[in-house]
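Hi there,

Here is the structure I promised to pass on to you. Have a look at it first, and then read my notes below.

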Amino acid sequence: MNQAADTIWMIDGSEMTEKQVVSAILQRDATITREFLFRQCYPLFKNIYNKYYTDCESVLEFMQEIYLYIIIPQRKTGQSKLAGFGHRCSFPMWLKIVAENYCHQLFAKRIETDNNYGDGDSLERIGGSVDKEIRNLSMEDAYKVLKQMPNERYRRLIELRYLLDKTNEETAEMLSMTMPNYYNKHKLAKAQLYVALRKEGFV
């Protein structure tokens with residue numbers, strides 16, 4: 001047996017090998033899943049959430065999304081990602097790799113989607129244009145545009161940064177974001193704002 005599979009974890013007051021933990025999660029054991037994935041692995045997921053792009057509003061939502069990602073059988077194979085875990089590394093390391101890859105894939109899909117505005121628009125040009133456009137609007141028109149943005153977190157970011165004139169650092173702090181995560185969200189928020197500006201006929 002792989003050495004990682006012999007690692008002992010304290011789960012709800014009892015000792016369990018890593019292999020037993022994985023097996024219990026695969027069997028949808030609510031207690032083991034909650035204790036290991038959602039409590040013991042919380043710092044791991046929080047670090048990934050703060051570092052990489054996600055559409056989730058909280059660490060808990062992100063953890064739930066990853067849980068579903070690893071537990072639901074894939075269409076092509078009929079097997080879940082977790083069922084394919086072979087203990088070639090530790091379970092937490094595997095979770096880290098899977099979650100980071102998930103974020104990379106999500107970010108790539110989002111960039112591809114946001115790049116499909118037509119007329120040759122790009123995120124780079126969009127980022128440079130919305131700063132000026134949103135500040136040139138009356139407050140009434142600006143909030144009308146914000147209402148067209150579907151993501152509440154992005155709306156709040158734009159409001160703080162451009163309507164309330166907070167600095168990047170102040171905005172990140174008020175949204176409880178690390179700076180790397182803030183800059184990712186900032187770029188995507190401006191792309192979403194551009195769509196709203198176009199919808200309202202301001203660009």
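Predicted model: local features only at pLDDT ≥ 70, side-chain atom pairs only at ≥ 80, totals over all residues.

Let me start with aspartate 165, which is exposed, with a relative accessible area of 53%. Aspartate 165 sits in the loop between α8 and α9 (168–174). Most residues other than glycine have a negative phi.

Serine 176 is a second case of this kind. It too has a positive phi of about 55 degrees without being a glycine. Serine 176 belongs to the loop between α9 and α10, and with a relative accessibility of 60% it counts as exposed.

Now for the chain as a whole. It has 10 helices and two strands, and from the N terminus on the order is β-β-α-α-α-α-α-α-α-α-α-α. Of the 203 residues in the chain, 43% are buried. Among contacts with a separation of 6 or more, 61% are between residues 24 or more positions apart. The accessible surface comes to about 11,200 Å², and carbon and sulfur atoms account for 49% of that.

Two helix pairs are worth a look on your screen.

On the α8 side, the residues in contact are Arg153, Tyr154, Leu157, Ile158, Arg161 and Tyr162. They meet Tyr182, Lys185, His186, Leu188, Ala189, Lys190, Gln192 and Leu193 in α10. Sorted by class, this contact of α8 with α10 has eight nonpolar, two polar and four charged residues.

The second pair is α2 (residues 30–40) with α4 (residues 59–71), packed at an angle of about 120 degrees with their axes 11 Å apart. That makes α2 oblique to α4, and the crossing of the two is right-handed. Thr33, Leu37 and Phe38 of α2 make the contact with Leu60, Met63, Gln64 and Tyr67 of α4. By class, the contact of α2 with α4 has five nonpolar and two polar residues, and no charged ones.

Best wishes

Key
Residues numbered from 1 in each chain as written. Heavy atoms only, no water. Contact = heavy atoms within 4.5 Å. Helix = DSSP H or I, 4+ residues; strand = E, 2+ residues; numbered from the N terminus. Nonpolar A, V, L, I, M, F, W, Y, C, P; charged D, E, K, R; others polar. Buried < 20%, exposed > 50% of the residue type's maximum accessible area, 1.4 Å probe, protein only. Axes fitted to C-alpha atoms, helices over the stretch in contact; angles between N-to-C directions. Parallel < 35°, antiparallel > 145°, perpendicular 65-115°, else oblique. Left-handed = near helix turned anticlockwise from the far one by under 90°. Areas by Shrake-Rupley, 256 points an atom, 1.4 Å probe, with all protein chains shown as cover.
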